Amino acid sequence: MKKALRVGIFGGTFNPIHQGHLAIAEEVLKTVGLDWVLLIPAGRPPHKKGRKVLPAKHRLAMARLAVQGHARMEASDLEITRRGKSYTIETVKALERNYPKGTEFYLILGLDAFLEFDSWRSPDDLMARCHIVVVSRPGYRFSDLFRLDFLSRTDPASLNELDAGRRSRLEILLSSGTRLILIRVTAHDVSATQIRDHLSGGKRFKNLLPPLVESYIMNHGLYRRATRSS
Ligand code: ATP
């Protein structure tokens, strides 16, 4: 029997996309054995209300530059070309229509994002349609996942072991029949907020941005304090 295609869905504001995002995508590709990862910048991110977000065309252009040289990654305009807020459940349904029947989807998120998962639109439906891959992020603890109702019965010791680095991976079979895969990845203590703060202060830094993305930001004068981005 032909093996099902395994596709990772990695959404984010990507304002801008940074080395942390790419490193996570690479590590998940390898450790979960995916065929492909789609990086999907949100058109209108529902979770970043009140924050000024760079226009989607720039965030998509940077994501496209970032994946150059990464053979099994692609930047997708799916959420940017859709009207309204970028709800992941709508993205998953659209991908199900575009990919062959039987394709397995793996939703990839950082631990900080997953801790808010029950505030997302249709979390149960999402968990029924996709496997969920949650990667560690400096400053966040897997043991805090107890606050999510559907994980309240998980063995606390195994989550503590992940936090302590005595275990690198934990798989939990969900009642929907899909898997929740918790992975302790190499730590990348970087955030887009930190990068924007640096840039608005006119600073440059090494190794936090893919080089082509850094050039794009400089060439378009993005994230400078006194400049309006077009
Ligand atoms: P911001 O600082 O603007 O909130 P961010 O750096 O968190 O941005 P997002 O685009 O919001 O980046 O993140 C997209 C996804 O990548 C989320 O699931 C987030 O948890 C995850 N992520 C981002 N940076 C890291 C990191 N350094 N380690 C682990 N996960 C990360």
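Modeller: Start with what counts as a pair: two strands pair if DSSP finds at least two bridges between them. Keep in mind that this is a predicted model.

Biologist: Which residue in strand 7 is the bridge partner of Val134?

Modeller: The partner of Val134 is Leu182 in strand 7. Likewise, Val135 has Ile183 of strand 7 as its bridge partner. Strand 5 (residues 131-135) and strand 7 (residues 179-183) are joined by four bridges and run parallel.

Biologist: What does strand 7 do with strand 6, and how many bridges join them?

Modeller: The general idea is that strands of a sheet pair through backbone hydrogen bonds, either parallel or antiparallel. Here strand 6 and strand 7 run antiparallel, joined by five bridges. One of the pairs is Leu173 with Arg179 of strand 7. The two strands form a hairpin with five residues between them, and Gly177 in the turn has a positive phi of about 90°.

Biologist: Why is strand 7 described as largely enclosed by the rest of the structure?

Modeller: Burial here means under 20% relative accessible area. Four of the five residues of strand 7 are buried, so strand 7 is largely enclosed by the rest of the structure.

Biologist: Now the helices. How is a packed pair read?

Modeller: Two packed helices are described by the angle between their axes and the distance between the axes. The axes of helix 2 and helix 8 cross at roughly 145° and come within 8 Å. On the helix 2 side, the contact is made by His58, Ala61, Met62, Leu65 and Ala66. Helix 8 contributes Leu212, Val213, Tyr216, Ile217 and His220. Eight of the contact residues are nonpolar, two are polar and none is charged.

Biologist: Which residues of helix 8 are buried, and where do they lie around the axis?

Modeller: They are Val213, Glu214, Tyr216 and Ile217. Seen down the axis of helix 8, these buried residues fall within an arc of 160°, so they line one face of the helix. Pro211 and Asn219, on the other side of helix 8, are exposed. The cover over the buried residues of helix 8 includes helix 2 and helix 7 (192-200). Just after helix 8, Gly221 takes a positive phi of about 60°.

Biologist: What covers the buried residues of helix 2?

Modeller: The buried residues of helix 2 (residues 56-66) include His58, Arg59 and Leu60. Their cover includes helix 1 (19-32), strand 2 (36-41), strand 3 and helix 8 (211-220).

Biologist: Last, a single residue. Where is Ala4 placed, and what does Ala4 touch?

Modeller: Ala4 lies in the segment before strand 1 (6-12). Leaving out residues up to four places away in sequence, Ala4 touches Asp35, Gly102 and Glu104. With a relative accessible area of 27%, Ala4 is partly exposed. Ala4 and Ala113 are 109 residues apart in sequence, and their C-alpha atoms are 27 Å apart in space.

Conventions:
Residues are numbered from 1 along each chain as its sequence is written. This is a predicted model: local features need pLDDT of at least 70, side-chain atom pairs count only at pLDDT 80 or more; totals for chains, interfaces and linings use all residues. Side-chain values use heavy atoms; hydrogens and water are left out. Buried means under 20% relative accessible area, exposed over 50%, partly exposed in between (1.4 Å probe, protein chains only). Contact means heavy atoms within 4.5 Å. The arc is that of the directions from the helix axis to the C-beta atoms. Axes are lines fitted to C-alpha atoms, for helices over the stretch in contact, and angles run from 0 to 180 degrees between N-to-C directions. Ala, Val, Leu, Ile, Met, Phe, Trp, Tyr, Cys and Pro count as nonpolar, Asp, Glu, Lys and Arg as charged, and the others, Gly among them, as polar.
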